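Welcome! Take a moment to look over the molecule shown here, and then we will walk through its aromatic rings together.

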Amino acid sequence: MRIRRSVMRIFGLSVVPAICLGASAYFGYFALWGERGAFALAQTKAHLAVEQEQLAALKGDRLALQHRIQLLEPGSVDPDMVEELAREQMLDSSPGQIAVPRAKH
């Protein structure tokens with residue numbers, strides 16, 4: 001009887017800490033290795049950096065295209081741009097056709 005009480009007392013005193021330790025281990029595991037844990041955060045930040053670089057490159061391309069479009073707007077046509085477009089179309093007009101650009105006299 002005396003032994004049974006001491007065993008029950010030890011068991012009773014260790015149940016609450018064991019449950020707390022288990023809950024802490026469970027949440028700690030998912031805080032590090034879970035779907036939204038610390039390691040997933042590092043991967044997400046690396047992926048975000050790559051995507052931001054791609055976005056910056058696309059924005060630069062868009063600005064260049066907008067500039068070319070502005071050069072071809074009616075009323076402010078840039079002669080050099082028109083000549084460049086004409087040469088591109090002339091050189092790529094049809095297969096087997098050769099166009100040789102000449103120097104201006």
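This briefing starts with the confidence of the model and then turns to the aromatic residues. Keep in mind that the model is predicted. Its mean pLDDT is 84, and 87% of the residues reach 70 or more.

**Confidence along the protein**
- Among the elements, helix 2 (residues 38–71) has the highest mean pLDDT, at 94.
- Helix 3 (residues 79–91) has the lowest, with a mean of 76.

**Aromatic pairs**
- A pair of aromatic rings is described by how far apart the centres are and by the angle of the planes.
- Searching the whole structure gives five aromatic pairs.
- One of the pairs joins Tyr29 and Phe30, and it is edge-to-face, with 5.1 Å from centre to centre and 85° between the planes. It is called edge-to-face because planes over 60 degrees apart count that way.
- Tyr29 also pairs with Trp33, and here the arrangement is tilted: the centres are 5.6 Å apart and the planes make an angle of 35°.
- Tyr29 and Trp33 are four residues apart in helix 1 (residues 2–33), so about one helical turn separates them.

**Exposure of these residues**
- Tyr29 is partly exposed, with a relative accessible area of 44%.
- Phe30 is partly exposed too, at 42%.
- Trp33 has a relative accessible area of 53% and is exposed, because the cut-off for that word is over 50%.

**The cluster**
- Which residues form one aromatic cluster? They are Tyr26, Phe27, Tyr29, Phe30, Trp33 and Phe39.

Methods: Residues are numbered from 1 along each chain as its sequence is written. This is a predicted model: local features need pLDDT of at least 70, side-chain atom pairs count only at pLDDT 80 or more; totals for chains, interfaces and linings use all residues. Side-chain values use heavy atoms; hydrogens and water are left out. pLDDT is the predictor's confidence in each residue, from 0 to 100. Helices (H or I, at least four residues) and strands (E, at least two) are DSSP runs, numbered from the N terminus. Rings of Phe, Tyr and Trp (its six-membered ring) pair if their centres lie within 6.5 Å; planes under 30 degrees apart count as stacked, over 60 as edge-to-face and the rest as tilted. Buried means under 20% relative accessible area, exposed over 50%, partly exposed in between (1.4 Å probe, protein chains only).
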